[in-house]
Every structure is written in C-alpha cells, then in structure tokens.
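Q: I would like to learn how to read a ligand site and the helix packing around it. Could we go through one case together?

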Amino acid sequence: MAVDHKKADATEESLHRIFTVPEAPDSTLGRIEKEISENLNAFLQTHIAAREKPLAEIEKDFSSAALPEAPSFVSDHTHFLLDKLVAQSVHTSAPSFIGHMTSALPYFLMPLSKIMIGLNQNLVKIETSKAFTPLERQVLGMLHNLIYREEDSFYQQWMHSANHSLGAFCSGGTIANITALWVARNNALKPDGEFRGVAQEGLFRAMKHYGYEDLAVLVSERGHYSLKKAADVLGIGRDCVIPVKTDSNNRVRVDDLKQKLAELKHKNIKPFAIIGVAGTTETGNIDPLDELADIAEQHDCHFHVDAAWGGATLMSNAHRPKLKGVERADSVTIDAHKQLYVPMGAGMVIFKNPAHMTAIEHHAEYILRKGSKDLGSHTLEGSRSGMAMLLYASLNIISRPGYEMLINNSIDKAKYFADLIEQHQDFELISEPELCLLTYRYVPERTQRALSLANEQDKEALLDALDDITKFIQKRQRESGKSFVSRTRLTPEKWNRKATTVFRVVLANPLTTEQILQDVLEEQRMIAQQSFISFPKIQSLTDKILNENEMAE
Ligand SMILES: *Cc1c(COP(=O)(O)O)cnc(C)c1O
C-alpha cells in the first residue's frame, strides 16, 4: 500500500510531460530498461521472488477498488510493480520451467515490440495500419504455404485480393478455433433459395429451413476445451461437441468416429465439422489426419485441424510427415505464441480455400466497405495490434531451417527425458513423446513390483495414493520455485483406463539442458519422501502386498 508515498499533482503540465518527456536514463524506469536489454534473464532472476507467496496474501496487495484520486510518480509506481507484481510473477522463460506451452523468447523481440507499441497500428482497417495490412496478409500467406504448399501463382493471385482471405490473425488458438467453426457453421447453413443463411436469419430459422434435428461437431476426447466454448458462442451448445474415443496412444479412434457419425445420421443430426488434433494439449499426440480427411469428405463435413500447439512442427522436414493429411484440412489453427516463439497474443486460423471466409464477411458503412482490403471484415475481433510484425520478423530472422533446428532439438530432448525416466527405477513413463511433450509419474521400484502382484482392491488403494503423491510433488516443486512441471489427468490403457494423475512436461525451451532434466527428477524423488501422508501409505501398502505374495510362494 502506497499511503505514505508522496503524490504528484494532476496538472496540465504534468500530463503534458508524460506524453512528451521520456524517462531519464538514471530514473527507475530508465535503469530497468537498461537491465532488461542487457540481461533479461538476470533481471527476471533478480526481481521474481524465489519463494511463492500464498495467493490470498497477494490478493491483499490488489484489494482496493478505489480509483486513484491523485497521480503517483512514475518511479514510485514502478517500485510498487516490481515489489508486488513482478516479484510474484512466474518465470515462464526459466529453463527449468518445463510445464508450459510458452517458453523463452528471442532477444530481438523486445526492442521490436517497442516499435510495435510505439506505432500502435490498428489492423482492423487499412486507414489505421497501412503497410501492416499487406504485411499481415503476407504472414497469412506464408503460413498457408507452410501447410498447403500451393504454387507461387496461387499466392500472387489471392494473398492481397480484397474479397478473399487466406486466414485470420487473432489473439490465440481459442479465437482461431471459434473462427474456423463459425465459417463451417455458416457454410453448412448457407443461403438457399428464400432462406438468407444462418448469418442473417439465425440458428432457429436455419434449422427449420434445413429440417435438421440438431447440429454436431466431432473431436477426440482429448480435444481442447476451447472447442466447447466455440460451440457455446455459436449457439450450437456444448453437448453438441461429440467426444470420440482415443486409442492407447491418445489418438482418435476412426472406428468410433464412424460409429458416432452413423448414430447422428440415424437421428437426423447434421455433423458439420470433424476436427483433428495435431498435438493434443495433454500428451502432444497427433490424430490420423489423412483418415479423418477421407471421412470428412465422405460425410460432406468441414475438416478442421487444431494444430495450435503442434502446427509449428511443419517447419521441420524431419518431423513434418507426422502431420500428413493436414494439407487436406479446410482450416487449420496455429498459435505463433507457442512453438513459434512469439509473445502471447498471436494465433492464426488458415483456410485452404481463399473464398471460404466470405461466409463470415461483415461490412459496415464507415469502415470495412465492400471491396476494401480491411482485415476487419473477416475477423471476429475488432481492433487488433500489429503482432503479425513480430511473427514476420521471427520468420525472417530465424528462418525455416532455424525453426526446424528448434523443433528437432525439442523433440530430441523429450526423447532423452523419456529414456531417463524409463531407466530410472522410481519413475514410470505414462505417454511417450511423439512431439516434445510427455507425461510420467513417480512410482518407487518396489511399488511398481507390488502393483503387478496386487489384488484389485489393494491396487486401487495404491493407485489412489500415487495420485495423491503426484499432486503433492507437483505442488511442492512449484512452491519451492526452482523448477516447474505441470500436471494433468489421463486414462492410461495400462491402468485399465482409470483416471490417473501425471506430471506433464513440454520441452520447448532451447536453454533447458540434460542436467536440468536430471535435477528435476532428483528433486521430485526427494520431495516424495517429504509427503508424510502419501509416502508412508504407499510404503506400507507396498510392504503388505509384497509380504503376502512372498508367503504365497
Ligand atoms: C493452446 C491450445 C488452444 C488454445 O489456444 P489459446 O492460444 O490458449 O487460446 C487450442 N487448441 C490446442 C490444441 C492448444 O494447444
């Protein structure tokens, strides 16, 4: 609380100053700028507190809803931010923080993002963005090329065409997925005779016109939750996102998909989109995209691929074949703020057919006039920043082979970590890395043996205790602030599809070393023994099971 801080005066002069006079080099902000540009990691290391404060404590620093009646001095306020906000932030770019989909950023993005903010262009229309509009259209063209590899003449014809669009740049994968399903919905319920289309007349009249009982979208049970948000916003309802079963590798089961489609047809429900996941959020596995494309074709469905996280793999010639079939998708979601190493707020949906997005075209009189090149006529969002510039710069400065190296190294590192876990007697690998994501958990060697001998009841009790200890370890490790893995719940085949709590690791940070990975495991093993409830329980159950079985022999 800054009660004892001296306050500035809200004068015309001081207001004029903040718009015209930069912070001096020796001022608080001036020094911070210097520190950040010289060594960002050191800056974060210094200012992010090593130990976590409980959230309830942090909330106290942000508890007043009073609007400030007197201005603060910039330096005073900066100290407050450093103390209360930066100190209690998460060091997501630390090489030992291997639980997030976003990681370290290249240095050049810091000054470039200042140019972006300084220019403050609005991409909704050309009047407020000028060169940024063609730049963004080019970036969408480059990503289209990454996925669909059309001839150069294709891009010359469509990239800058006023009435077409190769995709939409947006804030992230969620908006990208909503946009894709929005287009799919509007094309499925398009104008027909007297009926002016769902965009104009709404879902109720569309259903009456087409005579469907309901609509549906099909996606693997590992699909991202943003798809349910999309179904909700589009008026279809979350229940209409039909989860399709997955196999032991977390890939969608084509036989189950076919069966679900047959059921829907029987009930006169229109499946208007089939979604393939290319890199599931929890395990990083890729659906059989070619087979899904075949089925979507047969059923006249829009085929969308959610490659928000895994799409960057297309940069790697070595791993690109894993996404075979993506080039047959009607639309693809890719997040640049995940594996393309761009700051948060950079998502894209790319459409194979340049005319596809006209299904959501929107015009207004004062902006977005028909025939204008305004990007806002094809985007869900209105005002948008010039983020595309940062992706454009990264694509040029890193280049495709540079990205390939980053992607290949990440996947190699995940394989190294998987081997480490498999060789370690006290850990169990739950999902193998197909990309740079894997899951595992702590199971002491003797307990592994006990699990293979236990009766159903003991096994159940032991698995429950293991879930508890996984949670305990993950939480403790996070709180101690040295390293971070995330956790999720999966239904592994090996454990009869019983929901199992696991550690989840994403190895995208190029600065993560093999030593760090070894240390993460060692720290987890040590923490396990500090669990005064689960650890003794696991031990005594293990002893009991092993003793009983020895006696039986
Ligand atoms: C991250 C992710 C999303 C959502 O993207 P946001 O950028 O968080 O909105 C959607 N789908 C998948 C597969 C993802 O990994």
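A: Gladly! A polar contact is a pair of N or O atoms within 3.5 Å. Please keep in mind that this is a predicted model.

Q: Which side chain has an N or O atom 2.6 Å from an oxygen atom of the ligand?

A: That is T174, whose side chain places an N or O atom 2.6 Å from a ligand oxygen. The 3.5 Å cut-off is what makes this pair a polar contact. The side chain of D335 also has an N or O atom facing the test, at 2.7 Å from an oxygen of the ligand. For the side chain of T281, the corresponding distance to a ligand oxygen is 3.2 Å.

Q: How much of the 380 Å² that the ligand exposes when taken alone does the protein bury?

A: The protein buries 86% of that area.

Q: Which residues come nearest to the ligand?

A: There are 15 residues around the ligand, and G173, T174, D306, D335 and K338 come nearest. A residue is counted as near when one of its heavy atoms lies within 4 Å.

Q: What classes of residue make up the shell around the ligand?

A: The shell has nine polar residues, three nonpolar ones and three charged ones.

Q: Which helix gives the largest share of that shell?

A: Helix α9, residues 173-188, contributes three residues, the largest share.

Q: Let us stay with that helix. How do I read its packing against other helices?

A: Two packed helices are described by the angle between their axes and by the distance between those axes. Here α9 packs with helix α10 (residues 198-210) at an angle of about 55°, and their axes are 10 Å apart. The two helices are therefore oblique to each other.

Q: What angle and axis distance describe α9 and helix α11?

A: With α11 (residues 226-233), the angle is about 50° and the axes are 9 Å apart. That makes α9 oblique to α11.

Q: Is the crossing of α9 and α10 left-handed or right-handed?

A: The crossing of α9 and α10 is left-handed, whereas α9 passes α11 in a right-handed crossing.

Q: Finally, the backbone. Where is R149, with its positive phi?

A: R149 sits in the loop between α7 (132-148) and α8 (152-158). Its phi is near 50°, a positive value in a residue other than glycine. N268 is not a glycine and has a positive phi of about 55°. The place to look for N268 is the loop between α12 (254-266) and β4 (269-277).

Key:
Residues are numbered from 1 along each chain as its sequence is written. This is a predicted model: local features need pLDDT of at least 70, side-chain atom pairs count only at pLDDT 80 or more; totals for chains, interfaces and linings use all residues. Side-chain values use heavy atoms; hydrogens and water are left out. A polar contact is a pair of N or O atoms within 3.5 Å; within protein, one must be able to donate a hydrogen and the other to accept it, and residues adjacent in sequence count only if both atoms are side-chain atoms. Accessible areas come from the Shrake-Rupley method with a 1.4 Å probe; for residues, only the protein chains shown count as cover. Helices (H or I, at least four residues) and strands (E, at least two) are DSSP runs, numbered from the N terminus. Ala, Val, Leu, Ile, Met, Phe, Trp, Tyr, Cys and Pro count as nonpolar, Asp, Glu, Lys and Arg as charged, and the others, Gly among them, as polar. Axes are lines fitted to C-alpha atoms, for helices over the stretch in contact, and angles run from 0 to 180 degrees between N-to-C directions. Angles under 35 degrees count as roughly parallel, over 145 as roughly antiparallel, 65 to 115 as roughly perpendicular and the rest as oblique. A crossing is left-handed if the near helix is turned anticlockwise from the far one by less than a right angle, and right-handed if clockwise.
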